[in-house]
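Dear colleague,

Please find the structure below, followed by a short account of what was found in it.

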Amino acid sequence: MLIMSEEICEELVGRQDAFEAVEGVFAAMARGEARNFPVVREALGHADALYGFKSGFDRSGMVLGVKSGGYWPGNAARGLTNHQSAVLLFDPDTGRLKAVVGGNYLTAVRTAAASAVSIAHLAREDVKVLGIVGAGHQSAFQLRAAAEMRGFEKVVAWNRSPDKLEYLSSVAAELGLSFESVTLKELGRQADVIITITSSFEPILRGEWVKPGTHIACMGTDTKGKQEVDAALVTAARLFTDEVAQSISIGEAQHAVAAGLVAEADITPLGDVINGIHPGRANDNEITLFDGTGVGLQDLAVAEAAMRKAVSGGRASVVGGTYPAKGGRPS
């Protein structure tokens with residue numbers, strides 16, 4: 001069995017690796033070659049934490065596994081990341097555990113990759129201003145990944161505590177982008193692409209603030225009851241998602257669906273756009289919205305990429321013998 005630490009994962013898996021892994025698994029899901037199993041996500045009743053499991057099987061890539069972890073809101077005060085997780089990979093032929101992979105960095109980089117894939121396939125080519133709503137741990141990952149998708153010139157950002165935008169401003173400067181802290185209404189007026197990455201349980205971005213032609217990636221809503229944008233915005237946009245079943249139950253679309261404003265048939269898997277089955281954006285005035293609910297197959301795909309690179313580079317720790325086992329294979 002292989003063990004890969006957080007440090008090894010961060011060393012080996014870059015943004016391009018994550019982009020390719022996530023784009024590939026979205027395409028496989030849309031072709032019916034990969035599926036996610038039902039998500040378990042529960043409040044612990046301790047430390048105000050949420051804990052759960054995401055699992056699935058990608059037949060095209062022969063990747064089977066589970067991500068276990070959750071959200072501990074008090075961790076930041078302890079100098080720890082609020083999101084904590086690990087990925088377990090299994091051999092699809094035998095069911096044997098083959099790797100334990102640190103999941104914190106991979107969760108951040110795969111979430112950013114998902115919004116980047118949506119920008120690559122749905123945003124207008126001429127976009128210049130990137131808007132980011134939220135300044136938590138994930139926001140810098142989002143900014144770096146998005147900046148590689150289009151020729152952005154400026155970042156506008158909002159956070160409930162504006163002082164927390166300082167680090168995001170430094171990342172923008174590092175990327176050669178101007179930066180402005182703005183109100184949500186002003187963010188909607190300026191931004192051509194908006195990424196929301198909060199843990200809000202009430203709408204904070206309203207439809208009347210968003211201009212025509214905007215692409216929105218809603219990346220924070222992954223639990224029943226969470227909501228980042230109002231139902232009017234979801235209803236007005238052309239909707240795409242990682243997985244429709246999660247979008248309507250725990251994703252950003254859940255509220256519009258519950259209100260009868262949006263139907264399941266109105267939501268398109270982003271994989272259909274990647275595979276050329278759906279055209280994606282219809283015109284430059286259309287608002288497109290990607291509901292990034294965070295499927296387990298994303299985690300498995302990037303963990304598999306980390307494992308393959310660790311094996312080929314001799315960077316993984318082996319427990320209980322040699323790897324691969326005699327007659328076995330590292331993937």
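**Cavities and a helix contact**

The structure holds two cavities of 30 Å³ or more. A cavity here is a set of points, on a 1 Å grid over the protein atoms alone, where a 1.4 Å probe fits but cannot get out, and its lining residues have an atom within 4 Å of a point. Grid points are joined across faces, edges and corners, and a volume is the space filled by probe spheres set on the points.

This is a predicted model, in which local features need pLDDT of at least 70 and side-chain atom pairs count only at pLDDT 80 or more, while totals for chains, interfaces and linings use all residues. Residues are numbered from 1 along each chain as its sequence is written, and side-chain values use heavy atoms, with hydrogens and water left out.

The largest cavity has a volume of about 50 Å³. Its lining consists of Arg 15, Gln 16, Phe 19, Ala 113, Ala 116, Ala 145, Glu 148 and Met 149. Two or more of these residues come from each of H2 and helix H3 (104–122), and H2 gives the largest share, three residues. Helices are DSSP runs (H or I, at least four residues), numbered from the N terminus. By class, the lining of the largest cavity has five nonpolar, one polar and two charged residues. Ala, Val, Leu, Ile, Met, Phe, Trp, Tyr, Cys and Pro count as nonpolar, Asp, Glu, Lys and Arg as charged, and the others, Gly among them, as polar.

The second largest cavity holds about 30 Å³ of space. Arg 15, Val 109, Ala 112, Ala 113, Phe 141 and Ala 145 line it. H3 and helix H4 (137–147) each give two or more residues to this lining, and H3 gives the most, with three.

Helix H2 (residues 15–30) also meets helix H11 (residues 296–313): their axes come within 9 Å and cross at roughly 130°. Axes are lines fitted to C-alpha atoms, for helices over the stretch in contact, and angles run from 0 to 180 degrees between N-to-C directions. H2 and H11 are therefore oblique to each other (angles under 35 degrees count as roughly parallel, over 145 as roughly antiparallel, 65 to 115 as roughly perpendicular and the rest as oblique). The contact (heavy atoms within 4.5 Å) involves Asp 17, Ala 18, Ala 21, Val 22, Val 25, Phe 26 and Met 29 of H2, and Leu 297, Gln 298, Ala 301, Val 302 and Lys 309 of H11.

With kind regards

How values were computed: On a 1 Å grid over the protein atoms alone, a cavity is a set of points where a 1.4 Å probe fits but cannot get out, and a pocket is an open set with protein on both sides within 12 Å along at least five of seven lines; lining residues have an atom within 4 Å of a point.
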